[in-house]
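Hello,

Here is the structure I promised to pass on. Please open it alongside these notes.

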Amino acid sequence: MAEKAKQAEVEATEATEVKTAEAPVVSEAQANPEKFLKDFNWHNYQEGIDEVEDSQLKEFEKLVAENFVDTLDDEVVEGEVIHISDRDAIIDINAKSEGVISLNEFRYNPNLKVGDKVEVLIDVREDATGQLVLSHRKARVIKAWDRVNAAHETGEIVNGFVKCRTKGGMIVDVFGIEAFLPGSQIDVKPIRDYDQYVNKTMEFKVVKINHEFKNVVVSHKALIEADIEEQKKEIIGQLEKGQVLEGIVKNITSYGVFIDLGGVDGLVHITDLSWSRINHPNEIVELDQKLNVVILDFDENKSRIQLGLKQLSKHPWDALGEEVSVGDKVKGKVVVIADYGAFIEVADGVEGLIHVSEMSWSTHLRSAQDFVSVGDEVDAVILTLDKEDRKMSLGIKQLTPDPWTDITKKYPVGSKHSGIVRNFTNFGVFVELEEGIDGLIYISDLSWTKKIKHPSEFCNVGDTLDVVVLELDVEGRKLSLGHKQTTDNPWDKYETEFAVGTVHKAELTEIVDKGATIDFNEDIVAFVPSRHLEKEDGKKLKKGEEAEFKIIEFNKEFKRVVASHTAIFREEEAANVKAAATNAAAEVKPTLGDANDALQALKDKMEGK
């Protein structure tokens, strides 16, 4: 303060006056007036400045250097709080005047009081009122960077105030610097509620500094990892298979649960959570839940620990009483469905398999989904039971009578019935007469007249067909059926109608390889060889041309009919020649030469000469 400088000047002057009063001293002007006038400082005299001896000036300079701060340097200095108002704090830094700092810069320290030492930086040397304008925030930042760098190099633990939450983590005030605390560095376990850390003072370790962008990254996790590592080594060293430990559910996934055993994580696979079948681990446990688990296995380094929860309780199969046996009726819930069958949970952790073949008496197998759905409550009968291997097979169809028990009464040989086409094979059609009763119609028993290469040419799946029971095998559970047998065999009638030698008038239907075909009716298609297509004039019949045909072959067994047009007029000519020869013989008794000539002529005519 200016008053202090003035006071020091006065004290120096008074000290001089005291010395003069004690002992009169002859001045230099009195002793040597010429020299005094020569060396006299007329400039100071004209400006009104009293002359001060050099010794006094040096003494004054010494006092100033010891007691006052050089306000021209941008150095951080320490000051003392001498007064606190509603808005500002007055700081004494031993300068010619006190400095003023807004209380907003001390928000991090609500306990600031008079007499506290604080670090400040001179922001403005003097304002309009002659007071210094100081900055505690700037001084704190400068010093903070020095302290942060030192903490980063030495690994020193620092305190920080968690200001707020931000994307991916938290903002922490460390020595006045805003540092970033990543969410992954808050704790060793996943954090679900970041807000619980806001406005808290915690210990941190400086893990990264970016000097170019003035970024600081801190970690709280790094502080506890060292302790956890020691705990981890201690726990791992004591691990034994079968050991039961208390843990906390740390994370839940679709395949299992991670348990924190106190610094060491172990996995409980979903199959080791419960003896019952579950779809997701969250059906059994929840996050942060405390529970006991048993160590099932671990690797050589004990870094992967396999835990179990269900092993702490008795296996449900062991709880099955002796009263449960083969043939008993049980009720259960469908838990899993596969193509080959369905798994039924008859008790907690006890499952039995119903094979698809045990779901219906039908020998025509279908998918298990055609009979049951997941979640259905079903009744079943125990077919097999193996408590040692913990296996059980069940059946549903056994709850209804076996339709084959009275098959001979319901479906005797020769009886007629209706059935539904269920499936095709290359050799026939499977027809279901009722649930559990299937029969086979061979392809040759589908039609009397049609030549069928595949059953799909004759019918479709789901069609209803009339059938006749041809054969019955009770032991083999086989039925042989026929469809064509439901009607009379038209070839019995055609055998007479189209006998060899009969003549029929028809139109040439189609020219084929080595001949042609004729449709006499919807059942009979006759074949005409090429040489039998020749007409009387030597030309051949064409497609669509109508003519008479003579049956020259009829095979009922193979449904084969062969016809000929040429045979009609060739036989007529042979008959005419024979008649003429007979008449000539009656009129003239022929000679041997005549007979030879007549025979030659007949031969030539028959040969077409």
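**Cysteines**

Cys 459 counts as buried, with a relative accessibility of 4%. Cys 164 is partly exposed, at a relative accessible area of 33%. Bear in mind that this is a predicted model. A disulfide is a covalent bond between the sulfur atoms of two cysteines. With a cut-off of 2.5 Å between cysteine sulfur atoms, the count comes to zero disulfides.

**Second largest pocket**

The volume of the second largest pocket is about 600 Å³. Its lining has 17 residues, and the closest to the centre are Arg 107, Tyr 108, Arg 140, Asp 173 and Gly 176. Which elements give two or more residues to the lining? They are helix 6 (136–154), strand 6 (157–166) and strand 8 (177–182). Strand 6 supplies the largest share, four residues. By type, the lining residues divide into eight charged, five polar and four nonpolar.

Most residues other than glycine have a negative phi.

- Lys 514 is exposed because its relative accessible area is 65%, over the 50% cut-off.

Best wishes

Technical notes. Residues are numbered from 1 along each chain as its sequence is written. This is a predicted model: local features need pLDDT of at least 70, side-chain atom pairs count only at pLDDT 80 or more; totals for chains, interfaces and linings use all residues. Side-chain values use heavy atoms; hydrogens and water are left out. On a 1 Å grid over the protein atoms alone, a cavity is a set of points where a 1.4 Å probe fits but cannot get out, and a pocket is an open set with protein on both sides within 12 Å along at least five of seven lines; lining residues have an atom within 4 Å of a point. Grid points are joined across faces, edges and corners, and a volume is the space filled by probe spheres set on the points. Ala, Val, Leu, Ile, Met, Phe, Trp, Tyr, Cys and Pro count as nonpolar, Asp, Glu, Lys and Arg as charged, and the others, Gly among them, as polar. Buried means under 20% relative accessible area, exposed over 50%, partly exposed in between (1.4 Å probe, protein chains only).
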